[in-house]
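Welcome! Take a moment to look over the sequence and turn the model around, and then let us walk through it together.

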Amino acid sequence: MWRRIQGNARNCLLYEPLFLLPYNMYMTYASIYMLELGVNETQIGLITSIGMAIQIFTALISGHLTDKMGRRKALLVYDLLSWSVAALIWAVSQNFWFFLAAAIVNSFQRVPTTAWYCLLVEDTKPENRSIVFTILMFINVVGGLFAPLGGLIVNHFSLVPGMRIMYVIACIGMTIMMISRHFSTHETEIGLKKMQESSKISFSDTMIEYKSVLKLIVTNKPLMIIFGVYILFNFQMTLRNTYLSVYWVDALNINDALISIFPAISSAAMIVFLLTATPRLKEKLANRYMMWGFLISAASFIILLAAGPGNIAATITSTVVMAIGGLLASPYLESSIQNAIDDDNRAKIFSILGVLILIFTFPAGLIGGWAYSINAKIPLIFIVISFLMSVPMMVLYSRGSQKAVQPAVELTCSTDA
């Protein structure tokens, strides 16, 4: 699989561990770190929602900036701002206002997200894109194996000092990754073309283009369905990233230092699945795999909801099932989204998709915080509902045929879809 990936995609993936390893170390404890510093569950939800509301704006301008600055420059500048600077703020945080400031800075991640996806897939053949996202998932999986290092640091230094150390490590590792990746990649052919075109186009002109592109997207049912599935997937991810670790500690009474083993268990399960089952999967059955992935993921959270306090066995089972469901759903969903977007207008369409995602998901943190204060299980129930809703939507999408999506993309963009 690795031999089939060349150019920018290979170099983007090659340096990704320098981001994912420290990210996986601190992510498990991020919400608990905030609780330890006096931020309550409702405030955590408020911070998440404010950050996502700002991301609506940064997602909107991401296509314009990516085309105007070029994929590589936009990626470097806004990655350094949204991740390296944010990690430093998290490292010195003292209260709600520090975390709010970090969330605002981190909200600019939508610009490098658009630029990164463009750099990752524009020079990659459509039939190889699912491989790119499978390898990306594998790298993320291996990164999860290092999550227990975060637990060791927390166990040795205690939660707050340990988290400060992890955020500093993250800042250093991420900065090295961003600079190294910048000098090992090249601007894509589409990127050079869009830079030349955008030099004569103002932001207001870009907004007019966005309006016409959005109109064509909205009028195409199959395209809207797959976008809807992607929105639901991001909705549940927001809730999962914010409240799963808190649920482990608060509702299941699992020790702080112990919860870092669950990402490692998830990673181990994914590696076994990747090495044994993934090579046998067929690209033509991608939609079916996604539906099974959503059902299995829903089952994993149902297991967790049924688990009583201190039930480590049920939590491990849930983690393994969740890992398998994610591997079946995520790479194929990402590939389907990228193949539905034409390279010539990828930045604009992806930024519009980012705005749509955020409009529907930014209340997730606030709703989750309010719901968690009533009953810790409610955010997890929302996650289950999101997965179950995605299944009939995928059935409709499959029946709608890919032929209905293709002309819409061509009308929206160019004849190169």
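**A walk through the model**

Let us begin with Arg71, which forms a salt bridge with Glu122, their closest N and O atoms being 2.7 Å apart. The pair links distant parts of the chain, with Arg71 in helix α5 (residues 71–91) and Glu122 in the loop between α7 (110–121) and α8 (129–144), 51 residues apart. A salt bridge here is a side-chain nitrogen of Lys or Arg within 4 Å of a carboxyl oxygen of Asp or Glu. Helices are DSSP runs (H or I, at least four residues), numbered from the N terminus.

Before going on, please note that this is a predicted model, in which local features need pLDDT of at least 70 and side-chain atom pairs count only at pLDDT 80 or more, while totals for chains, interfaces and linings use all residues. Residues are numbered from 1 along each chain as its sequence is written, and side-chain values use heavy atoms, with hydrogens and water left out.

Arg71 has another partner: its side chain meets that of Asp67 in a salt bridge (2.9 Å, N to O).

How many salt bridges does a search of the whole structure find? There are three. One of them joins the side chains of Asp79 and Arg181 (2.7 Å, N to O). Asp79 lies in helix α5 and Arg181 in helix α10, so this pair ties together parts that are 102 residues apart in sequence. Asp79 counts as buried at 7% relative accessibility, and Arg181 counts as buried at 3%.

The patch is formed by Leu18, Val168, Ile172 and Ile176, with about 320 Å² of accessible area together. Ile176, in helix α10, counts as partly exposed at 44% relative accessibility. Patches are made of residues with over 30% relative accessible area and no salt bridge, with like charges joined within 9 Å and nonpolar side chains (Val, Leu, Ile, Met, Phe, Trp, Tyr) within 5 Å; the areas come from the Shrake-Rupley method with a 1.4 Å probe.

Finally, find Gly151 in helix α9 (residues 147–157). Gly151 counts as buried at 4% relative accessibility. The C-alpha atoms of Gly151 and Met25 are separated by 7.9 Å, although these residues are 126 residues apart along the chain.

How values were computed: Helix = DSSP H or I, 4+ residues; strand = E, 2+ residues; numbered from the N terminus. Buried < 20%, exposed > 50% of the residue type's maximum accessible area, 1.4 Å probe, protein only.
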